Amino acid sequence: MLDSEADLIRRCARGEEGAYRELVARLERPLINFILRYVGDPHLAEDIFQEAFVRVVRTLGSFRPEASLATWIFTIARNLCLDHLKAKKRHREVSIDAQTSDARGQVIDYREVLRSVLPAPEGRAASTEDQRRLQEAIAELGPAKREALALRVFAGLSYEEIAKIADAPVGTVKFRVHEAVQELTRRMAGGAAAKAAEA
Amino acid sequence: MNCEEARKEIPALALGESDVEVSRDVSAHLAACPACRAERDAQERAIAAMRGMVVETSERRRESVLGAMTGARDELVERAIMRRPSVWPLRVVGAAAAVLLAVAIGWTLLQPDHSWRVVSVSGKAIRVEDQSVLRTGDVLGPGDEVSLLEGSAVLEGTVGRIELSPHTSVVLRSRSRIQLRGTLRAESRHELTVMNHLGDRVAVRGGACTIASDMTVVASGTEPPKVSGDRLRVHVERGQAVMRGSRGELLLESGQKSRLDPDGTPAN
């Protein structure tokens, strides 16, 4: 671990707000991008991002100096993502999300209805639609490939760092990333062909 | 190099990871093979599109996280201090605070993550997942949904407290983020975010606000669906709040009120 990281950890352990601020600033961009692409839900991603740093404050005593700061915090975030994804599978959808029913008992989805009654957002560019399709394609990847892709392409981590976080060999994570890129390209090509057929 | 060998190397090439020798061999193949070249181009487009989706940093996000971190730190110190004998001299207490903080961190590792506690409840409030009736002293964690059917309920968390009005449901997304349907009064020590299911939100900064989200959609046969109620309505009693909708945000000071129009625009 770098001296600067060791010093930052010591200051965080003393509860210095400045140290907390510095820690968050260092990792914000790669971390939020990893979490967002891994779980796919922007609100959940913000929750997990915050919870990861709260866990850092609560578990500073368990940090091992031989690990890097980024690897440690990304591992915390990864485990939180996995916990949330497992919990989402186990529990039913919460009742105040999105849906209500009309007088006849027909279930209607707020978001779908609002799209029909409200003015459409201006300037919706084709790239937004492509990005939406890409996000859907990412969500359909297997969790190991999605995790590796998110860490490599969205968070910009090295394969050595990803291997430590994912607890897998470097060759394996590299393979997962390459497979993910190939699979996404195939899905995007399939989607583009379907879109052309509709036109 | 044949197509099969080239295709194995194309992702690394598209990601900019190939070493010089492999890159040269693949490039030589691509120069002669339109199909593999098309595959390389498609992968490069997909990677460029992904890199274009990167979310930027946000001061609001950083401030919200900082509030939660300092709240967690204060909670640790408070728990540690409550365990010390009151007869110790001040200078010993001061010197031991850092040690106690380290001990508290270790102790907290053993505790489950309960971010919220039921401070008081009258009438009937339930935890939605298992329909259990809530009582004073019950603890709740991230993801728990609470529904107040009648009466009143007060929940206290790391960054503040919320008082629910009857016929109100909240999902405790995290220590500092709540999803609301109904009406509540929020008091925060650090930043507390109250949001509706559409993503509109009010960030309460070190003050007290009454916040409501009671929008309903009525569909009636062939008539177009009608939207009634407010996406968000906020009255700042003291402190500051920032209300954000899909089409803008508004900073509100003590005494001010505002709401979101159905299209997500903050209205004075």
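Two strands pair if DSSP finds at least two bridges between them; helices (H or I, at least four residues) and strands (E, at least two) are DSSP runs, numbered from the N terminus. This is a predicted model, in which local features need pLDDT of at least 70 and side-chain atom pairs count only at pLDDT 80 or more, while totals for chains, interfaces and linings use all residues. Residues are numbered from 1 along each chain as its sequence is written, chains are lettered from A and ligands numbered from 1 in the order in which they are written, and side-chain values use heavy atoms, without hydrogens and water.

Strand 12 (residues 233-245) of chain B pairs antiparallel with strand 9 (residues 201-213) of chain B over ten bridges, and Ala212(B) has Arg233(B) as its bridge partner. Six bridges join strand 12 of chain B, again antiparallel, to strand 13 (residues 248-253) of chain B. Gly245(B) is bridged to Gly248(B) there, and two residues separate these strands in a hairpin. Three antiparallel bridges link strand 12 of chain B with strand 14 (residues 257-260) of chain B, where Lys257(B) lies opposite His235(B).

A disulfide is a pair of cysteine sulfur atoms within 2.5 Å, and the count over all chains is zero. The cysteine sulfur closest to that of Cys36(B) belongs to Cys33(B), and at 3.6 Å it is too far for a bond.

Chain B has a mean pLDDT (the predictor's confidence in each residue, from 0 to 100) of 83. Its confidence is lowest in helix 5 (residues 90-109) of chain B, with a mean of 61, and highest in strand 5 (residues 160-164) of chain B, at 94.
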